[in-house]
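Student: I'm new to this one. Can you walk me through it?
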Amino acid sequence: MKLLLRISVLCMIVMLTSAKATAQQTPNVYRDSVVQLYGVVMTADSLRAIPSASIIVEGKGRGTITNPDGVFSIAVLKGDRITFSCIGFKNRSIEIPLNLADNQYSVIQLLVSDTAYLPATILKPRPTREQFERDFVNNKIADDSYEIARKNTDEAQRRILINSLPADGKEAINYQLRQQANKYYYSGQLPPMNILNPAAWADFIKAWKRGDFKRKD
């Protein structure tokens with residue numbers, strides 16, 4: 001029993017000693033992994049400083065920008081991936097070495113211009129007032145639903161459709177049956193002449209006023 005108690009106490013002492021050593025070493029390890037990254041961002045073709053370029057630590061949500069001389073400085077950790085970006089240039093990325101002996105790391109980052117080809121733009125002179133009025137008046141506007149419905153229900157349009165569209169089978173057989181009925185009705189006698197019929201004359205005058213007899217070229 002005493003032996004078991006001694007072993008338990010010894011294990012607790014070892015565990016407490018290890019935890020204390022780890023707690024003392026952790027800040028040193030974290031402090032040793034911090035690196036002061038500094039340098040300058042320049043153009044690759046003319047070696048001119050790039051102001052307001054972004055330096056972002058990927059996955060950490062923090063970064064900095066260069067001053068008017070293209071110089072920057074930021075605290076990072078070993079193994080971090082750093083992205084340099086600026087409008088008009090292609091992005092470049094570097095990685096802080098894990099086996100870096102010193103706690104400072106300098107870099108001269110060159111950015112290559114990112115050329116974007118835009119479509120051609122045609123510039124035309126401003127129209128005069130007379131040209132604007134002419135084009136505005138002659139501009140064709142597509143019919144809306146109300147105008148299309150009005151044209152389809154117009155009486156003149158319906159007459160044109162009746163005269164131009166061919167009769168279907170039902171209309172053709174009805175017309176033939178009416179002709180046969182009239183023939184049988186006046187069988188053995190002279191059919192009436194509409195030239196002396198006042199109702200026929202009234203229909204003729206109305207058709208003439210409507211323009212039914214005008215030439216449709």
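Tutor: We'll go through the aromatic pairs, the sheet and the salt bridges in turn. Keep in mind that this is a predicted model.

Student: Okay, aromatics. How many aromatic pairs are there in the whole structure?

Tutor: A search turns up 3. One of them is Phe132 with Phe136, and that pair is stacked. The ring centres are 6.0 Å apart, with 25 degrees between the planes.

Student: Where do Phe132 and Phe136 lie?

Tutor: In helix α2, which covers residues 129-138. They are 4 residues apart, about one turn of the helix.

Student: Buried or exposed, those two?

Tutor: Phe132 is exposed, and Phe136 is too.

Student: And what kind of pair do Trp201 and Phe204 form?

Tutor: An edge-to-face one. The centres sit 5.9 Å apart and the planes are at 85 degrees. Over 60 degrees counts as edge-to-face, which is why this pair gets that label. Both residues belong to helix α6 (residues 198-210), 3 residues apart.

Student: Why is Trp201 called partly exposed?

Tutor: Because its relative accessible area is 42%, and the class runs between 20% and 50%. Phe204, at 41%, is also partly exposed.

Student: New topic. What's the strand order in the open sheet?

Tutor: β3-β2-β5-β6, with antiparallel pairing. The edge strands are β3 (62-65) and β6 (92-95), and each pairs on one side only. From one strand to the next, the twist averages 20 degrees.

Student: How many bridges join β2 and β5?

Tutor: There are 4. Strand β2 spans residues 54-57 and β5 spans 81-85. Look at Ile55: its bridge partner in β5 is Phe84.

Student: Now charges. How many salt bridges does the search find?

Tutor: It finds 8 in the whole structure. Take Arg129 and Glu133 in helix α2, 4 residues apart. Their closest N and O atoms are 3.1 Å apart.

Student: Why does Arg129 count as exposed?

Tutor: Because its relative accessibility is 63%, and exposed means over 50%. Glu133 is partly exposed, at 39%.

Student: Which residue does Lys151 meet in a salt bridge?

Tutor: Asp143, at 2.8 Å from N to O. Lys151 is partly exposed at 38% relative accessibility. Asp143 is partly exposed as well, at 38%.

Student: Which residues are linked in a network of salt bridges?

Tutor: Glu58, Arg81 and Glu95.

Technical notes:
Residues are numbered from 1 along each chain as its sequence is written. This is a predicted model: local features need pLDDT of at least 70, side-chain atom pairs count only at pLDDT 80 or more; totals for chains, interfaces and linings use all residues. Side-chain values use heavy atoms; hydrogens and water are left out. Rings of Phe, Tyr and Trp (its six-membered ring) pair if their centres lie within 6.5 Å; planes under 30 degrees apart count as stacked, over 60 as edge-to-face and the rest as tilted. Helices (H or I, at least four residues) and strands (E, at least two) are DSSP runs, numbered from the N terminus. Buried means under 20% relative accessible area, exposed over 50%, partly exposed in between (1.4 Å probe, protein chains only). Two strands pair if DSSP finds at least two bridges between them. Axes are lines fitted to C-alpha atoms, for helices over the stretch in contact, and angles run from 0 to 180 degrees between N-to-C directions. A salt bridge is a side-chain nitrogen of Lys or Arg within 4 Å of a carboxyl oxygen of Asp or Glu.
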